[in-house]
Amino acid sequence: MKFSSIASGLLALGASFASAAEMVKRASLQQVTNFGSNPSGVKMYIYVPNKLATKPAIIVAIHYCSGTASAYYQGTQYAQLAETYGYIVIYPESPYSGTCWDVSSPASLTHNGGGNSNSIANMVTYTINQYGADASKVFVTGTSSGAMMTNVMAATYPEMFAAGSAYAGVAAGCFYTGTVNGWNSTCSQGQSIHTQQEWANTVYNMYPGYTGARPKMLIHHGSADTTIYPQNFNETMKQWAGVFGYTYGQPQQTIANNPASGWTKYVYGPNLVGITTAVTTTAASTTTLATSTKTSTAPATTSSASNGGCTSQRWGQCGGIGWTGCSACVSPYTCQKINDWYSQCL
Ligand SMILES: *[C@@H]1O[C@H](CO)[C@@H](O)[C@H](O)[C@H]1NC(C)=O
Ligand SMILES: *[C@@H]1O[C@H](CO)[C@@H](O)[C@H](O)[C@H]1NC(C)=O
């Protein structure tokens, strides 16, 4: 009698441990509401694969403006690949209408500053504790606004991430407006030009006094991007080149048609690789350094009035304060307002 009640007590204890470790249903996208302090109201979604590794890695996958956790879960392969490799995916979701990320306020651009970056970092800490994840294998990635946040996460929480991979973002701090969820069109249009030292200082200032390791960075950007202008590839490369002590404009290797035809890979060293569709010239490009001449290179294309006669491609910008490009969209897409500064063909 006594023995069996102890046994059932132990069983109950065992069961409660098991359920503590299994907070969500596996192999489907699940919301987590109790991940800890959430100063900026970001929503947390998680994908825990059926075949969870013993000490799983974590990928934080961050959606674009107008996106959601669910859209990014469905539109990328991270969850699918999690079943092969056993890692966990965290999909944060922006709390703002238009679902861009706050990459513009002092709070979000500061380590433990109480902004979106802080909430996302708390999701990572929660997941490490809850699933016994490997704190040395935490990665961050994202597209467009999510790529901007990827750079911000790498700058504000360098101790947390082994690597970051950004698709069509801007340098950390480039979107600064001093307001929450602002839109900096000077930056988006590629007019925020700085030296690599200035950009590196922007990173250092987001976590003053930090001297530890920093995540390796992989930066992707298409050269036909009319929403987040391709100059932002160059500025982002300058930023991380500065942080890692490489010289922007002097990659160790320039590999044409890699990883795919029409793309060029710039390998600065083990900590920084950039991939863009920009055309490579056979000579001369090695001398285009981030010297002071760069700062005066304002974009030549400050075009005239808003152009109703042309059409923007899918995902392209089609309106917003300061926008002077096409205001119509290629069929079947329509121009949808994301916020005062940005309308997009969706
Ligand atoms: C955008 O950033 C630039 C500098 O990088 C700054 O001069 C400008 O005031 C910012 N724009 C807004 C709307 O705050
Ligand atoms: C930006 O970077 C690409 C790739 O390195 C290069 O081809 C292009 O000339 C750079 N643009 C400027 C304005 O420096």
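**Close-up 1. An aromatic cluster in the predicted model.** Ring pairs join W240, F244, Y246 and Y268 into a cluster. The model shown here and in the following views is predicted. W240 and F244 are among the buried residues of helix α8. Helix α8 spans residues 231–244. G245 follows helix α8, and its phi is positive, near 80 degrees.

**Close-up 2. Helix α8 and its surroundings.** Helix α8 has 14 residues. From its first C-alpha to its last, the helix reaches 20 Å, close to the 20 Å expected at 1.5 Å a residue. Twelve of the 14 residues are buried, so α8 is largely enclosed by the rest of the structure. The buried residues are N232, F233, E235, T236, M237, K238, Q239, W240, A241, G242, V243 and F244.

**Close-up 3. The crossing of helices α7 and α8.** Two packed helices are described by the angle between their axes and the distance between the axes. Here the axes of α7 (residues 196–206) and α8 (residues 231–244) come within 7 Å. They cross at roughly 75 degrees. Angles from 65 to 115 degrees count as roughly perpendicular, and α7 and α8 are therefore roughly perpendicular to each other. From α7, the contact involves Q196, W199, A200, T202, V203 and Y204. From α8, E235, K238, Q239, W240, A241, G242 and V243 take part. By class, this contact of α7 with α8 has seven nonpolar, four polar and two charged residues. W240 of α8 belongs to this contact and also to the aromatic cluster with F244, Y246 and Y268.

**Close-up 4. Two tyrosine pairs.** The structure holds ten aromatic pairs. In one of them, the rings of Y72 and Y78 have centres 6.5 Å apart. Their planes lie at 45 degrees, so this pair is tilted. Y72 counts as buried, at 4% relative accessibility. Y78 is buried as well, with a relative accessible area of 18%. The rings of Y73 and Y91 have centres 5.8 Å apart. Their planes stand at 80 degrees, so the pair is edge-to-face. This pair links distant parts of the chain, 18 residues apart: Y73 lies in helix α2 (residues 69–75) and Y91 in strand β4 (residues 88–93). Y73 counts as partly exposed, at 22% relative accessibility. Y91 counts as buried, at 0%.

Close-up 5. Helix α4 covers residues 116–131 and has 16 residues. The helix reaches 23 Å from its first C-alpha to its last, close to the 22 Å expected at 1.5 Å a residue. α4 is mostly covered, with 13 of its 16 residues buried. G132 follows α4. The phi of G132 is positive, near 60 degrees.

**Close-up 6. The setting of C345.** C345 lies in strand β15 (residues 342–345). C345 is buried, with a relative accessible area of 0%. Neighbours within four places in sequence are left aside in this view. Beyond them, C345 is in contact with S312, Q313, R314, W315, G316, C318, A328, C329, Y333 and T334.

Conventions. Residues numbered from 1 in each chain as written. Chains lettered and ligands numbered in written order. Predicted model: local features only at pLDDT ≥ 70, side-chain atom pairs only at ≥ 80, totals over all residues. Heavy atoms only, no water. Axes fitted to C-alpha atoms, helices over the stretch in contact; angles between N-to-C directions. Helix = DSSP H or I, 4+ residues; strand = E, 2+ residues; numbered from the N terminus. Parallel < 35°, antiparallel > 145°, perpendicular 65-115°, else oblique. Contact = heavy atoms within 4.5 Å. Nonpolar A, V, L, I, M, F, W, Y, C, P; charged D, E, K, R; others polar. Expected span 1.5 Å × (residues − 1). Buried < 20%, exposed > 50% of the residue type's maximum accessible area, 1.4 Å probe, protein only. Phe/Tyr/Trp six-rings, centres within 6.5 Å; stacked < 30°, edge-to-face > 60°.
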